[in-house]
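Have the sequence and the coordinates open as you read.

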Amino acid sequence: MKPSEREAEFIAKMEFDQKKKIEEEKHKKLAEKEKTRLQELHFMKCPKCGMGLVEIDYKSIKVDRCSGCEGIWLDYGELYAISKLEKSGLDKLLSIFKK
Ligand SMILES: [Zn+2]
């Protein structure tokens with residue numbers, strides 16, 4: 001290989017690497033955008049039926065109840081917090097959900 005050919009090859013490889021890097025950045029941004037879009041789309045929506053969730057705050061335990069299927073959803077640590085309630089507290093919490 002002549003020196004000029006080697007130089008052309010080197011430049012082509014560099015250009016390819018730069019373009020590849022730009023494309024990879026685009027993919028990364030798209031993935032982040034998609035994540036944000038999905039978060040906005042599903043925020044406070046029931047994972048089963050898609051209807052809106054209504055938040056009930058009882059003794060700092062925030063319980064989300066579906067306005068459609070009436071399913072009850074808990075955030076991280078809330079099941080544990082509920083398990084620590086006295087029986088009377090648990091009854092009060094359950095009575096909030098009664099029709
Ligand atoms: Zn639901």
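Predicted model: local features only at pLDDT ≥ 70, side-chain atom pairs only at ≥ 80, totals over all residues.

Numbering starts from 1 along each chain as its sequence is written, and side-chain values use heavy atoms, with hydrogens and water left out.

**Overall layout**

The protein has 3 helices and 3 strands, where helices (H or I, at least four residues) and strands (E, at least two) are DSSP runs numbered from the N terminus. Going along the sequence, the pattern reads α-β-β-β-α-α. The radius of gyration is 27 Å, well over the 13 Å that the globule rule gives for 99 residues, so the protein is more spread out than a compact globule. That radius is taken over C-alpha atoms, and the rule is 2.2 Å times the number of residues to the power 0.38. Along the principal axes, the C-alpha atoms fill a box of roughly 90 × 30 × 15 Å.

How much of the protein counts as buried? Of the 99 residues, 15% do, with buried meaning under 20% relative accessible area, exposed over 50%, and partly exposed in between (1.4 Å probe, protein chains only). The protein exposes about 8600 Å², and carbon and sulfur atoms supply 59% of that; the areas come from the Shrake-Rupley method with a 1.4 Å probe.

Contacts here mean heavy atoms within 4.5 Å. Among those between residues at least 6 apart in sequence, 24% join residues at least 24 apart.

On the charge side, there are 22 positive and 19 negative side chains, and the centres of the two sets lie 4 Å apart. Lys and Arg count as positive and Asp and Glu as negative, leaving out His and the chain ends; each charge is placed at NZ of Lys, CZ of Arg, CG of Asp or CD of Glu.

**The core**

Which residues make up the largest nonpolar core? It's a set of 8: Ile56, Tyr58, Ile61, Val63, Ile82, Leu85, Leu93 and Phe97. The elements giving two or more residues to it are β1 (53-58), β2 (61-66) and α3 (87-97). A core in this sense is a set of buried Ala, Val, Leu, Ile, Met, Phe, Trp, Tyr and Cys residues joined through side-chain atoms within 4.5 Å. Leaving aside neighbours within four places in sequence, Leu85 touches Tyr58, Lys59, Ile61, Leu90 and Leu93.

**Some single residues**

| Residue | Relative accessibility | Class |
|---|---|---|
| Met44 | 25% | partly exposed |
| Cys49 | 35% | partly exposed |
| Glu70 | 37% | partly exposed |
| Tyr80 | 57% | exposed |

Met44 sits in the loop between α1 (3-42) and β1, and its phi is near 60°, a positive value in a residue other than glycine. Glu70, in the loop between β2 and β3 (72-74), has a positive phi too, near 65°.

Cys49 lies in the loop between α1 and β1. Beyond its neighbours within four places in sequence, Cys49 is in contact with Cys66, Gly68 and Cys69. The C-alpha atoms of Cys49 and Gly71, 22 residues apart along the chain, are separated by 9.2 Å.

Tyr80 belongs to helix α2 (residues 78-83). Its C-alpha atom and that of Leu38, 42 residues away along the chain, are separated by 28 Å.
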